[in-house]
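Here are my notes on how the two parts of this chain sit against each other. Have a look at the structure first, then read on.

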Amino acid sequence: MSSLTSVSSQNATRQHFASDNYAGVCPEAMHWFLEANASGHQPGYGDDEWTQRVCEHLRQLFQTDCDVYFVFNGTAANSLALASLCQSYHSVICTPVAHIETDECGGPEFFSNGSKLLIAENESGAAKLGKLTPDAVEQLVTRRADIHYPKPKVVSLTQATELGTVYSVEEVRAIAAIAKRRKLKVHMDGARFANAVAALGCEPADITWRAGVDVLCFGGTKNGLPVGEAVVFFDKTLSEDFAYRVKQSGQLASKMRFISAPWIGILQDDVWLRNARHANAMAQRLHDAIKDQAGVRVPHSPQVNSVFAFLPQKAIHTLREQGWKFYDFIAGGGCRLMCAWDTTPEAVDAFAADIRRACAAA
């Protein structure tokens, strides 16, 4: 068997560490997808029983009345949510590594008809961990107040951050407090919200509306769903006409039950938390296995399901030749090694062993 065939064969069964999007659908989500399929004819566009059930589940989870909408992906969730908070002459405050800044192809600006992203400083200790601070928000809000400057309107937080760190409840409250004082809305990109809640051990309400968050984009795809994110408006006055935005942007699923029903599978019995806790634990396992290896530099311990590590370039090349997939250009540099809801200890151990050998050889 040629080396190329060997690597190809390994890749067919091997788990990878490039993204938690690589993982498949968790069994509980798939069960309810099939249940929805077996339910016969159902009304379209979200008027089905499954969508209504999931909305109620989410209201119970967050312990408050809220408006819930479903879209296909995180870029749409963030872009449409921000567009609902901004006029074209407004601006959104975010970090330099925010997904809305680096990886959404101008979606937030496009759907808001031109709202500008204002990028916070990148030198403070918090910034190097991918976080905003009240001081950074205040600095941008007070920089200028003339009519020639895009008026700040929204603060956008990513929870967990793009660098695998987590805002504490107190940190969110502090940022929301300065936002409210400056009459800004608070948006939370929660692509890995489940991982953050699992790490903090708090109630979902404590890190969102009770802390001052107005709208959350709650990610499901990275936590075991086949597709679909929930946009949750805690301030329901902000969701006026949001349904029209969803429709106009091509995000309104005609067979909505196939996006919403799998949510039942992860919301029941806290499967969403179990999945997130497992992914977080696998990242910790990977970190512990490679942190002391010569040639490996880990800038900070993982708080959620990602490990950031600087590896020798030769080791990176060796690992890729062996068929491992991971990114080395995301956010803060180094290699981002992601674990998922289905990552096995055996996969972590095999990857860690190859990292150690490759770094030792380099």
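1. The protein chain splits into domain 1 (27-267) and domain 2 (271-361), with bounds taken from an automatic or database domain assignment. Their C-alpha centres are 27 Å apart.

2. A word on what you're looking at: this is a predicted model, where local features need pLDDT of at least 70, side-chain atom pairs count only at pLDDT 80 or more, and totals for chains, interfaces and linings use all residues. Residues are numbered from 1 along each chain as its sequence is written, and side-chain values use heavy atoms, leaving out hydrogens and water.

3. Now the interface. On the domain 1 side, 25 residues are in contact with 20 residues of domain 2, contact being heavy atoms within 4.5 Å. The buried area between the two domains is about 1,800 Å², and carbon and sulfur atoms give 61% of that; buried area here is the accessible area (1.4 Å probe) that two parts lose on being put together, summed over both.

4. How many salt bridges are counted between domain 1 and domain 2? There is one, using a side-chain nitrogen of Lys or Arg within 4 Å of a carboxyl oxygen of Asp or Glu as the criterion. E28 forms a salt bridge with R274, and the closest N and O atoms are 2.6 Å apart.

5. Which elements give two or more residues to the side of domain 1 that touches domain 2? They are α2 (27-37), α9 (193-200) and α11 (257-267), helices being DSSP runs (H or I, at least four residues) numbered from the N terminus. α9 gives the most, with six residues.
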